[in-house]
Amino acid sequence: MTDEGSDPSVSGGTPDRKVPLASPRLLESELQVAMDAYRSGWLCMGPRTAELEESMCAYTGADHAVAVSSCTAALHISCLAAGLGPGDTAIVPSLAFAATANAVTWTGASPRFVEIAGIDRPWLSAEAAEAAIESSTKAIVAMSYGGHPGDVADLAELAGQHGLVLIEDAAHASGSWQNGRHVGTFGLAGALSFSASKNLGIGEGGMLLTGNEEVACRARSLRWHGISASTWERRDAAAPEYNIRDVGLNYRLDDPRAALVNALLHRLDKDNRRRAEVDATYREAFSGSDDLLVVAPPPDGERASYCVFAIVLAEGIDRTAFRESLSQRGVETSIHFPPLHDSPAYKGCSMALPLTEAFAERAVSLPIFPHMENWQRELVVDAVFEAAAAGNSESRANGGPRSRSAVAAG
Ligand SMILES: Cc1ncc(COP(=O)(O)O)c(C=O)c1O
């Protein structure tokens with residue numbers, strides 16, 4: 001495939017699918033940048049990682065950007081830097097990825113799972129978060145669902161009012177903005193992901209954003225075993241000796257991957273505009289359908305990254321059969337996410353979160369990526385209507401509810 005003028009590219013995604021869920025794409029010129037990094041002979045964290053951090057600060061407006069090996073690493077370091085530990089609790093949406101809660105748990109603190117804002121607004125509800133605050137609460141961990149800014153400004157205000165720390169899981173949110181601020185810069189720290197399916201997907205990698213110098217210093221230390229001088233700083237003959245100042249981890253990003261992310265950052269806005277076009281196609285096609293509901297778009301003036309596109313099936317439509325039908329037509333789907341409060345790992349946290357449970361039982365994520373062809377969009381839309389119609393008649397045969405209100409119920 002040729003794109004971006006005469007620059008050829010390679011696109012990935014699940015093999016044998018006409019329309020994969022996500023499709024990481026790297027241009028030849030971008031691959032060259034990574035090759036140059038490998039050919040330079042400096043393969044670990046070094047000057048290219050520092051360049052990426054500068055670019056990230058310039059793009060997001062964050063004062064500090066600390067490159068790490070994954071978003072999970074950035075979340076873990078954020079929680080450690082925020083001082084979370086045994087006896088503390090952090091408010092976390094149950095409708096989140098495992099990393100969102102695990103980062104809290106690995107500090108010795110406990111997640112307190114909280115409800116989403118609505119069946120078509122699957123992000124942490126500021127109202128529910130406020131109601132869940134207790135004396136042990138030290139932090140709120142917000143997650144940008146699919147790259148939607150959600151209630152992040154309200155959550156930041158809430159955290160400020162109650163003296164809590166806000167940490168943002170912005171894994172999906174590269175290129176998402178609310179009130180002119182990049183998602184991931186509203187709280188004490190925010191975490192971006194560069195894993196393959198994300199908007200800056202290169203394989204693995206992450207970035208911690210913060211406006212707090214102490215947090216940035218601690219994060220730099222923790223990502224490299226608390227060592228006082230990096231290998232790059234110790235590279236010449238008069239290299240300083242080093243101390244171990246903190247009990248840290250190996251959460252480094254290496255230079256070749258940092259160079260690649262930096263190259264992708266140049267086309268992030270353009271890619272996100274293309275994602276927005278796919279989002280608009282789906283929205284227009286599905287608006288008014290009695291069989292499904294689409295996650296609410298960002299309000300005017302906000303920008304999402306359109307990392308995930310989710311629909312919510314009407315009650316009574318069998319989701320497994322629906323997904324199987326799409327799969328038969330070559331369309332890959334996914335589920336974002338099984339609820340954490342119901343998972344075996346967090347079974348001690350069992351509670352009733354009806355909106356989260358309804359969304360998690362009925363949501364389906366559809367393919368979305370910047371270079372999606374028109375025929376692929378049409379195939380997805382067609383396959384969705386076909387599967388919904390089949391699910392609809394099946395549901396009627398079983399006497400299930402079939403109305404728009406049934407879609408919105410929950
Ligand atoms: C919402 C969310 N948070 C965190 C992560 C973890 O990102 P990483 O794989 O970069 O650690 C993911 C990964 O899919 C995610 O979807």
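Begin by selecting N179, which lies in the loop between strand 11 (177-178) and strand 12 (181-182). The model on the screen is a predicted one. N179 has a positive phi of about 50°, although this residue is not a glycine. Is N179 buried or exposed? Its relative accessible area is 59%, and N179 is therefore classed as exposed, the cut-off being over 50%.

Next, select Y306, in the loop between strand 15 (292-294) and strand 16 (309-313). Y306 is not a glycine either, yet its phi is positive, at about 55°. The relative accessibility of Y306 is 17%, so this residue counts as buried, the limit being under 20%.

**Aromatic pairs**

How many aromatic pairs does the structure hold? The number is nine. A pair of aromatic rings is described by the distance of the centres and the angle of the planes.

For one of these pairs, select W42 and W232, whose rings are arranged edge-to-face. Their centres are 4.8 Å apart, and the angle between the planes is 80°. With a relative accessible area of 27%, W232 is partly exposed.

The charged end of R235 sits over the ring of W232, at 3.7 Å from the ring centre. A further arginine to display is R252, which lies over the face of W224. Here the distance to the ring centre is 4.6 Å.

Now move to Y59 and W177, another edge-to-face aromatic pair. The ring centres are 5.7 Å apart, and the planes make an angle of 65°. Y59 is in helix 2 and W177 in strand 11, so that the pair links distant parts of the chain, 118 residues apart. Y59 is buried, with a relative accessible area of 17%. W177 also counts as buried, at 16% relative accessibility.

**An aromatic cluster and a cis peptide bond**

Select F97, Y145, F337 and F359 together; these residues form one aromatic cluster. Then centre the view on F337, which is found in the loop between helix 10 (319-328) and helix 11 (354-362). Which residue is joined to F337 by a cis peptide bond? The partner is H336, and omega is about 10°.

**Two crossing helices**

Display helix 3 (residues 71-81) and helix 4 (residues 98-105). Their axes come within 8 Å and cross at roughly 35°. The crossing of helix 3 with helix 4 is right-handed. Which residues make the contact? On helix 3, select T72, L75, H76 and C79; on helix 4, select A99, T100, A103 and V104. Of these contact residues, five are nonpolar and three are polar, with no charged residue among them.

**A buried arginine**

Finally, select R267, in the loop between helix 8 and helix 9 (268-286). Is R267 buried or exposed? Its relative accessibility is 7%, so R267 counts as buried, which requires a value under 20%. R267 and L200 are 67 residues apart along the chain, and their C-alpha atoms are separated by 9.4 Å.

Definitions and conventions
Residues are numbered from 1 along each chain as its sequence is written. This is a predicted model: local features need pLDDT of at least 70, side-chain atom pairs count only at pLDDT 80 or more; totals for chains, interfaces and linings use all residues. Side-chain values use heavy atoms; hydrogens and water are left out. Axes are lines fitted to C-alpha atoms, for helices over the stretch in contact, and angles run from 0 to 180 degrees between N-to-C directions. Helices (H or I, at least four residues) and strands (E, at least two) are DSSP runs, numbered from the N terminus. A crossing is left-handed if the near helix is turned anticlockwise from the far one by less than a right angle, and right-handed if clockwise. Contact means heavy atoms within 4.5 Å. Ala, Val, Leu, Ile, Met, Phe, Trp, Tyr, Cys and Pro count as nonpolar, Asp, Glu, Lys and Arg as charged, and the others, Gly among them, as polar. Buried means under 20% relative accessible area, exposed over 50%, partly exposed in between (1.4 Å probe, protein chains only). Rings of Phe, Tyr and Trp (its six-membered ring) pair if their centres lie within 6.5 Å; planes under 30 degrees apart count as stacked, over 60 as edge-to-face and the rest as tilted. A charge sits over a ring if NZ of Lys or CZ of Arg is within 6 Å of the ring centre and within 35 degrees of the ring normal.
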